[in-house]
Amino acid sequence: MKRAIHFGAGKIGRGFIGALLSQAGYEVCFADVDPQVVEAINRRGGYTVHVTDEVCTDLEITGVTAVRSDGEAVVGRLAEADLVTTAVGLGILPRVAPVIAAGLRARKAAGVAAPLNIVACENGVRATSRLKSSVYEALDADTAAWAEQRVGFADSSVDRIVPPIAFPEPLDVAVEAFHEWNVERSAWVGELPQLEGMHLTDTLEAHVERKLFTLNTGHCSTAYLGNLRGCVTIAEALADERIFAAVKGAMEQSGEALIRKFGFDRARHAVYIDAVLRRFRNPYLRDTVARVGHDPVRKLSAPLYFAYPITLAAGYGLPVDKLAFAAAAALRFDDPADAQCAEIRATIADAGLRGAIRRFTGIDDATIVSSIADAYARIPAWIGGEEHKLNPKQK
């Protein structure tokens, strides 16, 4: 039986990658910093994935174990693994890297010749490549040379909505039926896996950007616009016709830029947008605008869901007004439990609106900055449904 180590035993790790690997016949060991989660997994040996959609099913995941990701046991597991995956968040990858490096040194010392592949399953462009850089920073030259021949670092794109639904059994997790895991074929070392649910591709960049700047951009746009209108859930937000129109418009503007860059078929991409919106409207998920909108500063930043598609579209001479409106809504996100909301308000007060836009998005183009600032000014009227009263210049 093949062995997999998955860093991150949170809801995404348990409900998506860990579950998929277990169902594919891997012996799955979760590595996590939370001792209570580790103890619970080892005590129970499994959990239930509740597929919460139009057709609801329960998947029983069994035979899984766990170790502390900051302990010695994980190094021994890494020395024996065939596959390493992560779902910890981009910001945590540098903390995982030294642990993986220690595992690679242990493999070399033990004379393990079998290939090992590492896949970071995060919301970000080239997350595995970032992880590889951090791992190699922690390796000596001999081990690095050894790893170049035996260890693959394959970038990937992942897509599955995992809402924060609590169950009597704390390890159980809810997920939507849809899932997609695209992995870079050329970076894989050794025999290619026959793993149901993993799609090996030679066009990963297109898959990554289609997902990040259609689904994630649309999801966050829904959260920020829904928050402005007092909505609690994503499905509730999209039941508001004005929010639906604004979100779809932002996704279409991002989509047009992606069509220009990758040559996507326009009709097929329109079908993709409609399919994503149907997923967002799934009332069974009960996903919240607070969860999806969390960390607005990070989500406004240059590599992510607003700054990139806005600058990409503008670079092709395409309109960006609807994307700018969604970005402006992010600047007005108001969640007392999210410290980044207060950070945005303080920055606007200190640096001015345009200064804050430049700081958070990394965009310095005066035309784009003005477009976001103008949208920010229109939002109060939009919230009250009075945008039709604005004069043409304000519009």
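1. Two strands are taken to pair if DSSP finds at least two bridges between them. On that basis, this predicted model contains an open sheet of 3 strands in the order β4-β3-β10, with mixed pairing. The edge strands are β4, residues 57-62, and β10, residues 173-175, each of which pairs on one side only. From one strand to the next, the twist averages 25 degrees.

2. Within this sheet, β3 spans residues 46-51 and pairs with β10 in the parallel sense, over 3 bridges. Val51 stands opposite Val175 of β10. Helix α1, residues 11-23, packs on the sheet and touches β3, β4 and β10. The direction of α1 makes about 105 degrees with that of β3. As background, strands of a sheet pair through backbone hydrogen bonds, in either a parallel or an antiparallel arrangement.

3. The structure holds 7 aromatic pairs. One of them joins Phe30 and Tyr47, with 6.3 Å centre to centre and 55 degrees between the planes, and is classed as tilted. The pair links distant parts of the chain: Phe30 belongs to strand β2 (residues 27-32) and Tyr47 to strand β3, 17 residues apart. Both Phe30 and Tyr47 are buried.

4. Phe325 and Trp382 form an aromatic pair of the edge-to-face kind, at 5.5 Å centre to centre and with 70 degrees between the planes. Phe325 lies in helix α14 (residues 321-331) and Trp382 in helix α17 (residues 366-383), so this pair ties together parts that are 57 residues apart in sequence.

5. Are the two partners of this pair buried or exposed? The cut-off for buried is a relative accessible area under 20%. Phe325 counts as buried because its relative accessibility is 9%. Trp382 has a relative accessible area of 6%, and therefore it is buried as well.

6. Ring pairs also link Tyr224, Phe306 and Phe333 into a cluster.

Definitions and conventions. Residues are numbered from 1 along each chain as its sequence is written. This is a predicted model: local features need pLDDT of at least 70, side-chain atom pairs count only at pLDDT 80 or more; totals for chains, interfaces and linings use all residues. Side-chain values use heavy atoms; hydrogens and water are left out. Helices (H or I, at least four residues) and strands (E, at least two) are DSSP runs, numbered from the N terminus. Axes are lines fitted to C-alpha atoms, for helices over the stretch in contact, and angles run from 0 to 180 degrees between N-to-C directions. Contact means heavy atoms within 4.5 Å. Rings of Phe, Tyr and Trp (its six-membered ring) pair if their centres lie within 6.5 Å; planes under 30 degrees apart count as stacked, over 60 as edge-to-face and the rest as tilted. Buried means under 20% relative accessible area, exposed over 50%, partly exposed in between (1.4 Å probe, protein chains only).
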